[in-house]
Amino acid sequence: MPLKIVRNDITKMMVDAIVNAANESLLGGGGADGAIHRAAGKELLSECRTLGGCKTGEAKITGGYNLPAKYVIHTVGPVYKDGKHGEKTLLESCYRESLSLAKNHGCETIAFPLISSGVYGYPKDKALKIAIDVISDFLLENEMTVYIVIFDKAAYGISEKLFSDITEYIDDNYVALHTDYCRESMPMCAPFSAAADSIDTPIRKSKKKFFKDDLNKRMKQIDESFSQMLLRKIDEKGMTDAQCYKKANIDRKLFSKIRSDIHYKPSKPTAIAFAISLELSLEETEDMLRKAGFALSHSNKFDIIIEYFISNGNYNIFEINEALFAFDQVLLGA
Ligand code: AR6
């Protein structure tokens, strides 16, 4: 099940477990820790006193008391110095240990704040990348819905370089009306203008054969539904269903629905999420979208950002989502 990035206060999350960005004493503090203790009530501190603290990179679990969450998983992130003091390994360990505790307690949903990225000073973009990497690895092997809770929008910043590259790409491509639609219109017909077609050179013959074969192939696929194309592509790419929907950040239940209903019409972000998961080319992505009744357009920032990533061969759905979030767009997948 998927990873979702949401903007919220961690104490408001209706999940099985929320994670606390604590300190080694486990006796409360500021930031998310302070908010969690305030919302949970004094009993949380009483239980924390019995735990004997927690080492950096490790995690311990308590009840959630007055919180909507059943459990609080307390983990201690590293204080960021310069990135050369094992901070990354320790931060990765926080996510791994917390997820493992949640799994052992039967949690189906868990919410993390961006550990270490406040008082402990971890650069937010790096902290987010670590969170996403560890959580997505975990989700490849486990069924859980994991939320990363971003408190302030500024925390969810893609790198300045990526932001400016995408901005430039949008500026170059964002137009109200675009004129190169002819690529869409029967590409295989272009070489066959009536006059030029009268002489059959060997090259022309082989081109004709190519276009005939291509046309036959396309005709066979013309009636293919979105769901059929998706399943065909999964086979062609040698993926399992689970690999595909996990990489697409799509819920297993939704995938089952699509699998069992050949006429299923997904939302546009869902259709694109599958195209990304299958690492389709731009042309194939457009083909897949058409099956679901959608298109990529240049008068829509969301579409241009997707196009940017596909053109650059970057199929990391979580990075794409970071960028979409930074540009206030709907996210892919879950
Ligand atoms: N909900 C979600 N995220 C929050 C909330 C909230 N209510 N409040 C803050 N954040 P921090 P750390 C974000 O400082 O860096 C404490 O005193 C915040 O914007 O809470 O791991 C502990 O006792 C930031 O992005 O944790 C430790 O001494 C992220 O949560 C120390 O701070 C983490 O910020 C731990 O520092």
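This note goes through a predicted model of a protein chain with a ligand, point by point.

1. Overall make-up. The protein chain has 334 residues, and 46% of them are buried. Its secondary structure consists of 13 helices and 6 strands. Of the contacts between residues at least 6 apart in sequence, 68% link residues at least 24 apart. The accessible surface amounts to about 16,900 Å², with carbon and sulfur atoms accounting for 54% of it.

2. The largest nonpolar core. This core contains 79 residues. Ile-110, Ile-135, Ile-148, Leu-230, Phe-274 and Leu-332 have the most contacts inside it. Helix α4 (residues 124-141) supplies the largest share of the core, 9 residues. Both domain 1 (3-157) and domain 2 (172-179 + 223-326) contribute, each with at least three residues. As background, nonpolar side chains in soluble globular proteins tend to be buried together.

3. Leu-230 and a separate core. Leu-230 is one of the residues with the most contacts inside the largest core. With neighbours within four places in sequence set aside, Leu-230 touches Cys-244, Phe-255, Ile-258, Phe-274, Leu-278 and Met-288. Another core, of 18 residues, lies apart from the largest one; Ile-18, Ala-22, Ile-36 and Cys-54 are among its members.

4. Helix α1. The buried residues of helix α1 (residues 31-40) are Asp-33, Gly-34, Ala-35, Ile-36, His-37 and Ala-40. Their cover includes β2 (17-22), α2 (42-49) and β4 (71-76). After α1 comes Gly-41, with a positive phi near 95°.

5. The ligand site. The ligand is surrounded by 24 residues, of which Gly-30, Ala-32, Asp-33, Ser-117 and Gly-118 are the closest. An N or O backbone atom of Ile-10 is 2.8 Å from a ligand nitrogen atom. For Ser-116, a backbone N or O atom is 2.8 Å from a ligand oxygen atom, and a backbone N or O atom of Val-119 likewise lies 2.8 Å from an oxygen atom of the ligand. Taken alone, the ligand would expose 700 Å², and the protein buries 91% of that area.

6. Glu-307. This residue sits in helix α12 (residues 301-311). Is Glu-307 buried or exposed? Its relative accessibility is 9%, so Glu-307 counts as buried, the limit being under 20%. The side chains of Glu-307 and His-298 form a polar contact at 2.7 Å. Apart from neighbours within four places in sequence, the contacts of Glu-307 are Tyr-169, Asn-173, Leu-282 and His-298.

7. Phe-294. The loop between α11 (282-291) and α12 holds Phe-294. Phe-294 and Lys-268 are separated by 26 residues in sequence, while their C-alpha atoms are 6.7 Å apart in space. Once neighbours within four places in sequence are left out, Phe-294 is in contact with Pro-266, Ser-267, Lys-268 and Leu-289.

Definitions and conventions
Residues are numbered from 1 along each chain as its sequence is written. This is a predicted model: local features need pLDDT of at least 70, side-chain atom pairs count only at pLDDT 80 or more; totals for chains, interfaces and linings use all residues. Side-chain values use heavy atoms; hydrogens and water are left out. Helices (H or I, at least four residues) and strands (E, at least two) are DSSP runs, numbered from the N terminus. Buried means under 20% relative accessible area, exposed over 50%, partly exposed in between (1.4 Å probe, protein chains only). A polar contact is a pair of N or O atoms within 3.5 Å; within protein, one must be able to donate a hydrogen and the other to accept it, and residues adjacent in sequence count only if both atoms are side-chain atoms. Contact means heavy atoms within 4.5 Å. Accessible areas come from the Shrake-Rupley method with a 1.4 Å probe; for residues, only the protein chains shown count as cover. A nonpolar core is a set of buried Ala, Val, Leu, Ile, Met, Phe, Trp, Tyr and Cys residues joined through side-chain atoms within 4.5 Å. Domain bounds come from an automatic or database domain assignment. A residue is near a molecule or strand if one of its heavy atoms lies within 4 Å of it.
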